[in-house]
Amino acid sequence: MASVAVHGWALCTASLLNFAFVFISGADFIQFVSFRAIYHNITGETTLCQDSMSWSEALQDGSVLRSLVVDLGLLVLFTTQHSLMAWSPVKQTLQSVFGSLNRTAYCFSTALALQILMRYWQPVTSAPCLWSVRHAPWSIWFPLLCFTLHFLCWAIICSILMIFDYPELLGIKQVYYECLSLGDPLSHKSPGGQRLLSHLRHPVCLEMGVVLWLLPALSLDRLLLAGTLSAYLVLAHSLDKQDLSYLCVQVNSKMQLFAEPHQDDGNHKEQ
């Protein structure tokens, strides 16, 4: 009995530590991909671009090419980890090794790969930007507009993750169900829900597209980051008509639930 309790506490501790690490990595990613790029323009810094250099000179510069190669390698590391561990044969192997901590291990390795990408990312500052808003009054108003839209997109992303069962996505629910001997939480979802989640683990394509591309200045390394992650998000989804029909049914049922008038329990008396 004591060994079962220790096992349960160990699972809960690992799951909660992973949650903290993933949460911190997510906050770091928001700062890295969104607000840091906007901050350069709000403060008037122009180190992102080198307008005095032509594109032909920039693409022949060894430092620029080295930075792009490093950045591309970091993106390959992240996308490979993210895809390989979601591949069915690897997923089944990891399930047999980690058990209920399988999803926890996946989220931890994803956050670790993301941390490596952010820590070793090489900005390309010795090349011209593809675009840069620097003329008044847009040099002030456009960065503020970008900041506002990025903030709204991140708020929507967080809301969507909550709707799509955030504890299950992070592996917390799997551990909770294991401790209560309830099995895999996915088995409690409807077949349509299971099918949808298998095709749509990242339900934030539109919002991430806005965050990746809507910037006051687009440097060469940011183009590589935005282009790679946008392509990956598009290729990672495989929604079909059946999934869309299921989504429509679920949305309509939620809307009808909110539209229903409040039902009294009949215990109060009319005055």
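A: Here is a quick tour, from the overall fold down to a few residues. Keep in mind that this is a predicted model.

Q: How many helices and strands does the protein chain have?
A: The protein chain has 12 helices and two strands.

Q: And in what order do the elements run from the N terminus?
A: The order is α-α-α-α-α-β-α-α-α-α-α-β-α-α.

Q: What share of the residues is buried?
A: Of 271 residues, 36% count as buried.

Q: Let's pick one residue. Where is V22?
A: V22 sits in helix 1, which covers residues 2-42.

Q: Is V22 buried or exposed, and why?
A: V22 is buried, because its relative accessible area is 15%, and the cut-off for buried is under 20%.

Q: Which residues is V22 in contact with, beyond its neighbours in sequence?
A: Setting aside residues within four places in sequence, V22 contacts C107, A111 and L170.

Q: How far apart are V22 and L170?
A: Along the chain, they are 148 residues apart. Their C-alpha atoms are separated by 8.2 Å.

Q: New topic: charges. How many salt bridges does a search of the whole structure find?
A: The search finds one salt bridge. The side chains of D28 and R119 form a salt bridge at 3.5 Å, N to O.

Q: Which helices hold D28 and R119?
A: D28 is in helix 1 and R119 is in helix 5 (residues 102-120), so the pair ties together parts 91 residues apart in sequence.

Q: Now E207. Where is it found?
A: E207 is in helix 10, residues 205-213.

Q: What is the nearest side chain of opposite charge to E207?
A: That is R222, 14 Å away. E207 is buried yet has no salt bridge.

Q: So which residues is E207 in contact with?
A: Leaving out neighbours within four places in sequence, E207 contacts C153, I156, I157 and I160.

Key
Residues numbered from 1 in each chain as written. Predicted model: local features only at pLDDT ≥ 70, side-chain atom pairs only at ≥ 80, totals over all residues. Heavy atoms only, no water. Helix = DSSP H or I, 4+ residues; strand = E, 2+ residues; numbered from the N terminus. Buried < 20%, exposed > 50% of the residue type's maximum accessible area, 1.4 Å probe, protein only. Contact = heavy atoms within 4.5 Å. Lys, Arg positive; Asp, Glu negative; His and termini not counted. Salt bridge = Lys/Arg side-chain N within 4 Å of Asp/Glu carboxyl O.
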